[in-house]
Amino acid sequence: MIKNERQYRITRAQAEKFLRALRNLQADTDDRYALHPRLRQLQEEALKSQLSDLEEDLREYEDLKEGRFEFEKLEGISELPKLLIRARIASGLTQRDLAGRLDLKEQQIQRYEASEYASASFTRIKEVVSALGIEADNKFSVDEGIDDWAQ
């Protein structure tokens, strides 16, 4: 999952490299360095698979930046960290913006998101939810799974 503009630029560059490598492989007709057909096929499939994964991450980030994001009912508490990151991006907030709303340093938000909020207290999670303008019903409470997620 791409979490910020820096990661987006890096992922975009990686996707371009994989695309060039794939095109070079497909265009290579030099028999002096010919691979066994099966090895060539496997190499092409690997490049296509990696490129597809990168393109999917890029599309997701671009959609979020355009505000295309639908809140879904959480199936489990383990989905909350990615939902918070997606909500931040979709609302047009940078990590710095969110940090400002919470009176934290940008690096703290970066750490929270890098670890998918593993080090954040439940109180901090509720503050993030509030800062993002997410309406949580009053049933937002600790359940049995929270202890596993928060450690």
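I worked from a predicted model, where local features need pLDDT of at least 70, side-chain atom pairs count only at pLDDT 80 or more, and totals for chains, interfaces and linings use all residues. Residues are numbered from 1 along each chain as its sequence is written, and side-chain values use heavy atoms, with hydrogens and water left out.

**α1 length.** I took helices as DSSP runs (H or I, at least four residues), numbered from the N terminus. The 23 residues of α1 should span 33 Å at 1.5 Å a residue, and the end C-alpha atoms are 33 Å apart, so the two agree. The expected span is 1.5 Å times one less than the number of residues.

**α1 against α2.** I looked up the axes of α1 (residues 5-27) and α2 (residues 37-65): they come within 9 Å and cross at roughly 150°. That makes α1 roughly antiparallel to α2 (angles over 145 degrees count as such). Axes are lines fitted to C-alpha atoms over the stretch in contact, with angles from 0 to 180 degrees between N-to-C directions.

I then listed the contact (heavy atoms within 4.5 Å). Among its residues are Tyr8, Phe18 and Leu22 of α1 and Leu47, Leu51 and Tyr61 of α2.

**Burial in α1.** Tyr8, Thr11, Ala15, Leu22 and Leu25 are buried (under 20% relative accessible area, 1.4 Å probe, protein chains only). Their cover includes α2.

**Arg88.** I found Arg88 in helix α3 (residues 80-90). Arg88 is buried, at 2% relative accessible area. Leaving out residues up to four places away in sequence, Arg88 touches Lys3, Leu93, Thr94, Gln95, Leu98, Glu113 and Leu132.

Definitions and conventions
Helices (H or I, at least four residues) and strands (E, at least two) are DSSP runs, numbered from the N terminus. Angles under 35 degrees count as roughly parallel, over 145 as roughly antiparallel, 65 to 115 as roughly perpendicular and the rest as oblique. Buried means under 20% relative accessible area, exposed over 50%, partly exposed in between (1.4 Å probe, protein chains only).
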